[in-house]
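Hello,

Here is the structure you asked about. Notes on what was found in it follow below.

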Amino acid sequence: MQNIIVPTDFSIKSFNALSLAKRIARKAKSTIYLVHVYQPPHSHYSVMGEVVKGEHDDIFAIKLIEKLKKELEILKTANEDNSFDIEVKLKIGEPYEEIKAMAKRYNADLIVIGSTGMTDSEEFFLGSLTDKIIRSMSCPVLTVKESIDDESFDNIVYATDLKEDHTAMMNLMLRFQFLFGSTIHIVKVNTAKNFKNDIDTKVALQKLADRYELKKNYTLNCYGHDDEEYGIVYFADERGADIIAMGVHEKSGFRRLISGGSIADEVADHTFRPVLTYQFQTEEK
């Protein structure tokens, strides 16, 4: 985790994301790229459909950009640390596209972003930047809501349906374990609609642990609940998880409404804990 991107809109949630990114950067000796994306307002149109742009629009934009640059420098100074590097970037354009381009340019190992917690109806019409990043970025994404004072990541809950290619996520879990001495709690939530008996589930979980040569500081768990989303959240509560980790698939906001939503998105919306997500492909049978 050498390169960490932290988008900021100068809100409390984005400050919480930066605080968590710093915890990781201290251990991993990372570089944090703190980025704000200024999206210019849409042009005005006359009754004839012609673009109307006044001189005051340019003056306002120039002053605002200068102000944003100063705010970023102040934020950088307030968060500098001898154990990691921090760089600030001001981009102009569409936020998602600019963050995506930055992730590619700097070969991002992790994006840490504040969670908006938007409702499904809001996402259908407006789209959520955080949810869009979760669904479509090729690097891991850590979403953050609350401020967390504890510097450790003692317990990580990794929720799995045992149907995916776990390589990228398990390597990430092992990296966190190496840096923080974490205990990894791997859990399969059994629901009435997607039930598998505990014996078969435990065997499958043990195969997963053996495949990635987990030797210590891990537990294997079956957890029964009527709802998979809340089963993951309640299990994380019981284990005092510092992070919930899950895999995701790309899915548009429209498809989320039709299909009932992505479990990873819903968990992120309904827990105060940071949620770590990573895209993976379903294993071919």
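Strand S1 (residues 3–7), helix H1 (residues 12–28) and strand S2 form a β-α-β unit that is right-handed; S1 is given as residues 3–7. Right-handed here means that, with the strands pointing away from the viewer, the path from the first strand over the helix to the second runs clockwise. Helices (H or I, at least four residues) and strands (E, at least two) are DSSP runs, numbered from the N terminus.

This is a predicted model, in which local features need pLDDT of at least 70, side-chain atom pairs count only at pLDDT 80 or more, and totals for chains, interfaces and linings use all residues. Residues are numbered from 1 along each chain as its sequence is written, and side-chain values use heavy atoms, with hydrogens and water left out.

Strand pairing (at least two DSSP bridges between two strands): S1 runs parallel to S2 (residues 31–38), joined by five bridges. Asparagine 3 has threonine 31 in S2 as its bridge partner. S1 also pairs with strand S6 (residues 110–114), again parallel, over two bridges. There, isoleucine 5 is opposite isoleucine 111.

Burial (buried is under 20% relative accessible area, exposed over 50%, partly exposed in between; 1.4 Å probe, protein chains only): five of the five residues of S1 are buried.

Cysteines: the whole structure has zero disulfides, a disulfide being a pair of cysteine sulfur atoms within 2.5 Å. Cysteine 139 is buried because its relative accessible area is 8%; cysteine 222, at 22%, is partly exposed.

Regards
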